[in-house]
Amino acid sequence: MKILAVGDVVGRRSIEYLSKTLRRTAASLGADFVVVNGENASGVGLTPDQAWRIYDAGADVVTLGNHTFGNRQICDYLDDQPNILRPLNYPARQPGHGYTVVDCCGKTVCVCDLQGRVDLNYIPSDPLAAADWLLKNVKADLYLVDFHAEATSEKLAMGYMLDGRISALWGTHTHVPTADAMVLPNGTGYVTDLGMTGPKHSVLGIQPKLSIAKFRGDLPSRYQWADGPTKMEAVLFTIDTETGLCRKAE
């Protein structure tokens with residue numbers, strides 16, 4: 001089975017780009033299952049309409065992260081839709097689901113969303129403990145984890161802790177792809193960060209001049225998405241459905 005994990009969707013124009021390219025790209029790669037991180041689709045957060053547009057573009061599951069509740073209209077929607085995920089290690093009283101189990105190619109696929117705790121404004125509970133809980137309490141043939149985190153060390157630590165226990169783990173949040181897509185020693189597919197789906201000539205999706213002004217110490221201004229061509233960054237994981245482990249990450 002081939003799993004396509006797509007980096008954070010940044011801005012409304014990127015959803016339009018996915019609508020034109022995602023199904024075609026997935027088909028050309030032979031992907032059986034597609035997971036898209038959509039937490040920046042509206043800038044900070046995601047609306048129900050945008051979630052549906054990402055589904056229509058070809059996503060099977062949409063994951064979120066530290067901007068999950070940036071658009072409060074998503075709250076009721078999260079309770080009703082099992083395949084749009086907020087981090088599992090958020091407080092249980094908050095809306096939504098942290099994992100889902102989906103049938104694909106005759107197998108059950110569990111997708112889990114987790115958030116890191118290093119250098120993020122919001123402090124959830126221990127993501128490593130949440131991952132342990134998931135594997136003990138949720139039964140599936142394959143397990144996939146989107147780890148939405150800032151620190152590369154935290155992502156690597158999670159990857160090695162889960163090595164051999166899940167099919168694949170990918171990092172999101174930093175919007176820059178890392179050159180370490182690999183299969184860990186015990187068979188888990190891994191990459192520290194997928195990158196993003198957004199404007200190619202930008203600073204994490206933002207107009208470069210606005211980020212430059214911020215770092216120079218100018219008066220703050222509202223961020224605006226960059227114009228120009230859009231890119232989609234992703235990793236394709238090839239999973240052995242008999243063992244549940246990864247053969248290739250590219």
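Entry 1. I note at the outset that the model is a predicted one.

**Entry 2. The six-stranded sheet.** I next traced an open sheet of six strands, whose order is β6-β7-β8-β9-β11-β10 and whose pairing is mixed. Which strands stand at its edges? I recorded β6 (99–104) and β10 (182–183), each with a single partner strand, so one side of each is left without a neighbour in the sheet.

Entry 3. I followed β6 into β7 and found a hairpin with two residues between the strands. Cys 105, in the turn, has a positive phi of about 55 degrees. The two strands, β6 and β7, are antiparallel and pair over six bridges; Val 101 has Cys 110 in β7 as its bridge partner. On pairing with β8, β7 runs in the parallel sense, over seven bridges. Here Val 111 has Leu 144 of β8 as its bridge partner. I also checked the burial of β7: seven of its nine residues are buried, and the strand is mostly covered.

**Entry 4. The pair β10 and β11.** I turned to the other end of the strand order and found β10 and β11 paired in the antiparallel sense over two bridges. Met 182 is opposite Tyr 190 of β11.

**Entry 5. Helices on the six-stranded sheet.** I looked up α4, which lies across β6, β7 and β8 and runs at about 160 degrees to β7. Helix α5 also packs on the sheet, where it touches β7, β8, β9, β10 and β11, and its direction makes about 170 degrees with that of β9.

**Entry 6. The buried face of α5.** Which residues of helix α5 (residues 152–162) are buried? I listed Glu 154, Lys 155, Met 158, Gly 159 and Leu 162. Viewed down the axis of α5, these buried residues fall within an arc of 135 degrees, so they line one face of the helix. I recalled that an α-helix has 3.6 residues a turn, so residues three or four places apart point the same way. The buried residues of α5 pack against β7 (107–115), α4 (127–137), β8 (142–148), β9 (168–172) and β11 (189–191). After α5 comes Gly 164, with a positive phi near 85 degrees.

**Entry 7. How α4 meets α5.** I compared the two helix axes: those of α4 and α5 come within 11 Å and cross at roughly 25 degrees. Angles under 35 degrees count as roughly parallel, and α4 and α5 are therefore roughly parallel to each other. The crossing of α4 past α5 is right-handed. On α4, the contact is made by Pro 127, Leu 128, Ala 131, Asp 132 and Leu 135; on α5, by Glu 154, Met 158, Met 161 and Leu 162.

Key: Residues are numbered from 1 along each chain as its sequence is written. This is a predicted model: local features need pLDDT of at least 70, side-chain atom pairs count only at pLDDT 80 or more; totals for chains, interfaces and linings use all residues. Side-chain values use heavy atoms; hydrogens and water are left out. Buried means under 20% relative accessible area, exposed over 50%, partly exposed in between (1.4 Å probe, protein chains only). Helices (H or I, at least four residues) and strands (E, at least two) are DSSP runs, numbered from the N terminus. The arc is that of the directions from the helix axis to the C-beta atoms. Contact means heavy atoms within 4.5 Å. Two strands pair if DSSP finds at least two bridges between them. Axes are lines fitted to C-alpha atoms, for helices over the stretch in contact, and angles run from 0 to 180 degrees between N-to-C directions. Angles under 35 degrees count as roughly parallel, over 145 as roughly antiparallel, 65 to 115 as roughly perpendicular and the rest as oblique. A crossing is left-handed if the near helix is turned anticlockwise from the far one by less than a right angle, and right-handed if clockwise.
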